[in-house]
Amino acid sequence: MEENLQHDSSPQSDPGSSASSVLKMVQWGRTPTANVETWDRTPAQPEVCKNSNTNLKLKLKNSKPNNQTTTNNPSVALRSFLVVNFRQISPISTRTSIEGTTNRYVLGHDAMHRMGTADVLIAGMRGLGVEIAKNVILSGVKSVTIQDEGQTTWTDLSSQFFLKESHLGQKRATCSLQQLSDLNPRVQVTAHTGPLNEDLLLQFQVVVLTDSSLDDQKRFGELCHSQGIKFIVADTRGLCGQLFCDFGEELEVLDWDGEEPGSVIIQTITKANPGVVICTGDQKHGFSDGTKVSFSEVRGMTELNNISPVEIEYISPHSFSICDTSAFSDYERGGIATEVKESFVLSFKPLSEALLDYNLLITNDYGKISRHKTLHLAFQALHGFVKKEQRLPVPWSQSDADTLLDMVKELNTVAQLEQLDEPAVRSLSYTAQGDLAPVNAFIGGLAAQEVIKACSGKFTPLQQWLYFDALECLPEEEDQPAECSLPAKGTRYDGQVAVFGSAFQEKLERQKYFLVGAGAIGCELLKNFALLGLGAGKEGHITVTDMDFIEKSNLNRQFLFRSQDIGKSKSDVAAKAVREMNPQMNITAHQNRLDPGSEEVYDYNFFMGLDGVAAALDNVEARVYLDGRCVLHKKPMLEGGTLGSKGHTLVVVPHLTESYGQDTSKPSDVFPLCTLKNFPYRIEHTLQWARDQFEGLFKQTPENVNLFLRDEGFVVRTLGHGDAEALEVLGGVWSSLEDMKSGGQRPTKWEDCTTATGLPFWSGSKRCPHPLTFDPNNAAHMDFVVAAANLYGQIFGVKGTRDRASIRNILEKVVVPSFTPTSSVHIHGFFALPSLCVFAPDKAQLEDLKGKLASPSLKSSAMQMYPIDFEKDDDSNFHMDYIVAASNLRAENYDIPAADRHQSKRIAGRIIPAIATTTAAVAGLMCLELYKLVQGHKKISSYRTSYFILAIDHFVWTQPLRPQSFEVAGKKFTPWDNFLVEGRRAGQQEMTLGDLVEYVKETYSLTICSVFYEMVVLYDKQEERLTKSVSELVKMTTKADIPPHKNMLELVPSFVEDEYCDLVPSIMYLL
């Protein structure tokens, strides 16, 4: 679900005074992280990111409001934001012809340019091949050719989401072509239905083989290695997967992890050998031994500004040592140390050689080292089995498993592994005919990420083997499916039945699941649900809710959506798309936000009718709320999130695992108000400042004006917020209602919008340390004026223009007043507390404003304003034009390097980078946990919490934590425990509070001494309340009726036996 970021809700008129919605940064363990807006967290694990596409919808686009007043003469006097005291500056280009996508935000311009020249061949169009193709096409390479000689079979429908029953007997590649082409019109997609040969492979820079023989892998691997073609092999068999990369003799990696280089502000540098750098305040540098840094803006010891990057040694989180500084000048002040990322070269072996080198096998699960070494042999043995028998092992055939194990043992006479995981070999044999969508999604995501690395030179490639298994998905009991119980039935689920049996398939189809969110992960989950047949039976059902609508920026990773779907409901379009994948799907789409306001829909009866919940949310608050609902109703929850190439998954199992829990995470790098207003030193600061300007000038002030016009109590409430805020808000309201002749800021014609001296750009606490001189010949200056003036006109209903010549003519008449600091403004030093960055309110001025606003003449409907909601994707609406121009001009004032439009759009547009590869991998892992939930696994060792970084092929799998226990009167409970009480048993009259007290005493041997409901006390030893019914007490104490949909009350008791216990089981009281 795409939800708005949390903003400061207090009305504001001066955008510079708002630090709402500041960016958050959290470290992922010891790995440097990119600048991001929001992060997720998971119980007792490293901070992990969440998927988000902030929905900041535009209320005022090109349409004119019904009562909007417009002026059509754009050549009269222009008034806008030019209280800027400009100084001569260099032109800053803020335009680009390349359309921004989240792939570009993650990879960068240069990497995307390199990808745009790459031709990729993907051989095999079964489930794994189409998953890789989907992700690669969405990533934006030049061309993709899909190759497959085969025809569609029933088994293909288990995981090939672009094939339908009507395609049975037809070429897989041909049938998949159109839908793959529709994913990204900028990528040329073609199909080749002939065999693979050398002439074909030589046309490509990257070749990916799926569903291939070992002989072909060796033959084509040698060819590609000798010709400098990047070569990838991906394969899945049942619950196991394999990935191999060979990127040639020399591959230059330009950026090993894709993270933004770290930088720190310097407090002091010692003059010694070696010199020691100490960071300001409590700022952690995040550097490790061997990191190279460059210095800039150092005063005094200026030699550091001119030397090449210096290698550091870690001393503490706040200090590090560098080179010999004893001969340098004395350090005075200032300076920034910035990490320098250097390229490096990797060398790869061809597949035939790499088969014998176990040092090239990447360990991705430390609990399965022996198993994955065994799988390296088992996959080779499986190729030998197929070559000899001309078939895969029969599902759950003991004799075939014995044969495969013997072949593995024979291979081990050469490999000499100390320990063979024989059960894993047997399981591979039992399930090798299986074709599972979740495994294909995970391996397909990883393989596509390697294609991106091969094409872009960004991120660290796999060196060179990776194995994955999810054999813990198999039944926990000893009685595995029998060979005779797994015949191919000629259904779309044959590939899944081959692994789990028909009885499990029927159970999957009976499931009732609730999916919250239809964004990037939500789309991938729905695709997997359709392929699995989750809820596709007569008794099954899927409910999906997402309040958002499809935006242009969604299309490159939310693959169920197309350009013609822009503006439509995400949940509706996603539900329709998965019905086309699997016509048997029973799915209902909602457009509700999941919060207390939707409990009328998602009430006790709704949750009790579910088998489980899947969370594809983009913010911690919603996850915590959904988790609480699942704990209350004892329902399992699947949860996952992504940020760029990072991902995590979590499974919550009633009574077995810890729940998601309350949000206890703290942002490690929140930009304080003083930094944004007075001391910016990074481009993120100026962009956030510009973003807040947009909110204050074009959204919050107009909204305040409209509230004032329609709400008699607005002034009184605002005065209750404190004098400083009241003066700011009410001043903005009055100046927006009073025209310029009367001393206000309200324009009556377009020219007024271009030269409005009343709107502050540099004023008050935002004193410009390096004033800029306005130059109409400077593109950056004119970009700012054109965007600001048009937006200013829009909020007052005044028609603007893009005619720069006419605007330039009007600007020639403008006299920019000299900058004079306001005497009432106090800018405290760098180490001042943010709360001190305020101005002293003028009581007399506030009283004057109250009198002016009391005038009836201001309450005219013609005074209505038109707030603008920020929209990042419409390049014609001036929103990003304003953000980029305002940010870069402020950056120039503070000597901060400017940001281009794409970087600005990523930060100011609140875009959380999400890419198709990571979302596919996350959804695949979530659905593997779904297999376990549906089977009813009871062992916590069967479940997995996962963390991974595809950029560097780093994976961590752990067991979930058990729920925290607590004691009440010597009895142990967990957060999953509560007391279920039926208020009206057997149709009788509702019980009284005394009846409830007695029931708990008899059933749980605990004596209630007080009862709380929400924020009120129902009972605290008041004897007279014991005779009243519980619902009557709720109405009496809350002074409100119980909503009709409320059929369960959550009561919190205290007990005589342990009255001061912090945690107690709640009472679920059914009305």
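**Entry 1**

I am working on a predicted model, in which local features need pLDDT of at least 70, side-chain atom pairs count only at pLDDT 80 or more, and totals for chains, interfaces and linings use all residues. Residues are numbered from 1 along each chain as its sequence is written, and side-chain values use heavy atoms, with hydrogens and water left out.

β6 and strand β7 (residues 230-237) run parallel and are joined by five bridges. I note that two strands pair if DSSP finds at least two bridges between them. The strands and helices themselves are DSSP runs numbered from the N terminus, helices being H or I with at least four residues and strands E with at least two. From β6 the chain crosses through helix α6 (residues 214-227) to β7, and this β-α-β crossover is right-handed. Right-handed here says that, with the strands pointing away from the viewer, the path from the first strand over the helix to the second runs clockwise.

I then checked the other partner of β6. Strand β3 (residues 119-123) runs parallel to β6, with four bridges between them. Ala-123 has Leu-209 in β6 as its bridge partner.

Is β6 buried or exposed? Five of the five residues of β6 (residues 206-210) are buried, so this strand is largely enclosed by the rest of the structure. Buried means under 20% relative accessible area, exposed over 50%, and partly exposed in between (1.4 Å probe, protein chains only). Val-206, Val-208 and Thr-210 point one way from β6, while Val-207 and Leu-209 point the other way. In a regular strand the side chains alternate between the two faces of the sheet.

**Entry 2: β8**

I followed β7 onward. β7 and β8 form a hairpin with two residues between them, and Gly-238 in the turn has a positive phi of about 60°. The two strands run antiparallel and are joined by seven bridges. Thr-236 has Gly-241 in β8 as its bridge partner.

Gly-241 also has a bridge partner in β18, namely Phe-468. β8 and β18 pair in the antiparallel sense over five bridges.

Seven of the seven residues of β8 (residues 240-246) are buried, so β8 is largely enclosed by the rest of the structure. Cys-240, Gln-242, Phe-244 and Asp-246 point one way, and Gly-241, Leu-243 and Cys-245 the other way.

**Entry 3: salt bridges**

How many salt bridges does the structure hold? I find 42 salt bridges. The criterion is a side-chain nitrogen of Lys or Arg within 4 Å of a carboxyl oxygen of Asp or Glu. Side chains of opposite charge can pair when their charged atoms come close.

I looked at Asp-469 and Lys-368, which form a salt bridge with the closest N and O atoms 3.2 Å apart. This pair links distant parts of the chain, 101 residues apart: Asp-469 lies in strand β18 (residues 465-469), and Lys-368 in the loop between α8 (351-354) and α9 (369-389). Asp-469 is buried at 2% relative accessibility, and Lys-368 is buried at 8%.

Glu-639 and Arg-623 meet in a salt bridge at 2.7 Å, N to O. Glu-639 is in strand β23 (residues 637-643) and Arg-623 in helix α18 (residues 620-633), 16 residues apart. Glu-639 is buried with a relative accessible area of 0%, and Arg-623 is buried at 0%.

I also noted one network of salt bridges that share partners, joining Arg-126, Asp-148, Asp-156, Arg-172, Asp-211, Asp-235 and Arg-237.

Asp-565 and Lys-568 meet at 3.8 Å, N to O, in a salt bridge. Asp-565 is buried at 11% relative accessibility, whereas Lys-568 is partly exposed at 42%.

**Entry 4: the five-stranded sheet**

I traced an open sheet of five strands in the order β29-β33-β32-β30-β31, with mixed pairing. Its edge strands, β29 (978-982) and β31 (1016-1019), each pair on one side only.

Strand β30 (residues 1008-1013) pairs with β31 in the antiparallel sense over three bridges. Phe-1012 stands opposite Val-1017 in β31.

Which residues form a nonpolar patch on the surface with about 200 Å² of accessible area together? I find Phe-1012, Val-1017 and Val-1052. Patches are made of residues with over 30% relative accessible area and no salt bridge, like charges being joined within 9 Å and nonpolar side chains (Val, Leu, Ile, Met, Phe, Trp, Tyr) within 5 Å. Accessible areas come from the Shrake-Rupley method with a 1.4 Å probe, and for residues only the protein chains shown count as cover. Val-1052 is found in strand β32 (residues 1048-1055) and is partly exposed, with a relative accessible area of 36%.
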